[in-house]
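Please look over the sequence and structure below before reading my notes. The points go from confidence in the model to single residues.

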Amino acid sequence: MAMLPLVLHWFFIEWYSGKKSSSALFQHITALFECTAAAIVTLLLNDPVGSLYIRSCEVKMLSDWYTMLYNPSPDYVTTLHCTQEAVFPLYTIVLIYYAFCLVFMMLLRPLLVKKIACGLGKTDRFKSIYAALYFFPILTVLQAVGGGLLYYAFPYIILVLSLVTLAVYMSASEIQSFKNLVAKKKRLVVLFSHWLLHAYGIISISRLDKLGQDLPLLALVPGPALFYLLTARFTEPNRILSEGGNGH
């Protein structure tokens, strides 16, 4: 949940920056700085205050995330709303982090975009910021409603989404060979970012008591990209259509 704002920032910056804009890299760095600063401030403000460590309650079951559903009702007449955050601070710390991300973004990004996004029109240069104003409320609702489910399922969600987004990006960018991939540095940055997500998902699934057996699975991280590059030419639509027209 902490990585999602950064990934979405990068996605929308890339989406709206335009091919001729030179400001995308600076916006990427600024987004990274915003999320990093928000994470550090959030950790420093949580118990123990002034430390980057977290003192949290142990999560034993899914219902620990939804204590508000278990308010007692003596004599089945009046419901006593006395429940607290049983997984403190894992539930609220994400919401606090989102608030700081939004504050830092509104303080830094508009000034940066106004000064360096000269390759874009006046309406286009702020679209990545407008997108953030939409996805932050969505992420907040997602954490508030599905925090418990995400806590248990996030490694698998990260793996699936990173694979899908990598395939979509390589397809949209018409990357069908290693030569196309290394033609632009930006494509390598996107590839390595997805590899980091792949690795993070694998490590998250790994068993702490058997890391020696699970960590070799990290060798599979480049697998999806290599498989795509090796098989893309066999599924290229123009090639299939041309062969169909020739009667093959």
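1. pLDDT is the predictor's confidence in each residue, on a scale from 0 to 100. The protein averages a pLDDT of 83, and 88% of the residues score at least 70. Among its elements, helix 2 (residues 24-45) has the highest mean pLDDT (90), and helix 9 (residues 237-245) has the lowest (58). Where pLDDT is low, the predicted coordinates should not be read in detail.

2. Some ground rules apply. This is a predicted model, in which local features need pLDDT of at least 70 and side-chain atom pairs count only at pLDDT 80 or more, while totals for chains, interfaces and linings use all residues. Residues are numbered from 1 along each chain as its sequence is written, and side-chain values use heavy atoms, with hydrogens and water left out. Helices (H or I, at least four residues) and strands (E, at least two) are DSSP runs, numbered from the N terminus.

3. UniProt, in an unreviewed entry, places the feature "transmembrane region" at residues 88-108, 129-150, 156-175, 187-203 and 215-232. UniProt positions are given in the numbering used here, feature names are shortened, and annotations may be inferred rather than shown by experiment. In the model, residues 129-150 are 100% helix and 0% strand, with end C-alpha atoms 26 Å apart. Residues 156-175 are 85% helix and 0% strand, and their end C-alpha atoms are also 26 Å apart.

4. How far apart are the end C-alpha atoms of helix 6 (residues 185-205)? They are 31 Å apart, which agrees with the 30 Å that its 21 residues should span at 1.5 Å a residue (1.5 Å times one less than the number of residues). Buried residues of helix 6 include Arg187, His194 and His198; buried means under 20% relative accessible area, exposed over 50%, and partly exposed in between (1.4 Å probe, protein chains only). The buried residues of helix 6 pack against helix 1 (3-17), helix 4 (127-172), helix 5 (178-181) and helix 8 (223-231).

5. The count of salt bridges comes to 2 (a side-chain nitrogen of Lys or Arg within 4 Å of a carboxyl oxygen of Asp or Glu). One joins Arg109 and Glu34 at 2.9 Å, N to O. Arg109 lies in helix 3 (residues 92-116) and Glu34 in helix 2, so the pair ties together parts that are 75 residues apart in sequence. Both Arg109 and Glu34 are buried.

6. Asp47 and Arg55 form a salt bridge at 2.7 Å, N to O. Asp47 is partly exposed, at 34% relative accessible area, and Arg55 is partly exposed, at 49%.

7. His9 is found in helix 1 and counts as buried, at 2% relative accessibility. Leaving aside neighbours within four places in sequence, the contacts of His9 include Glu34 and Arg109 (contact means heavy atoms within 4.5 Å).
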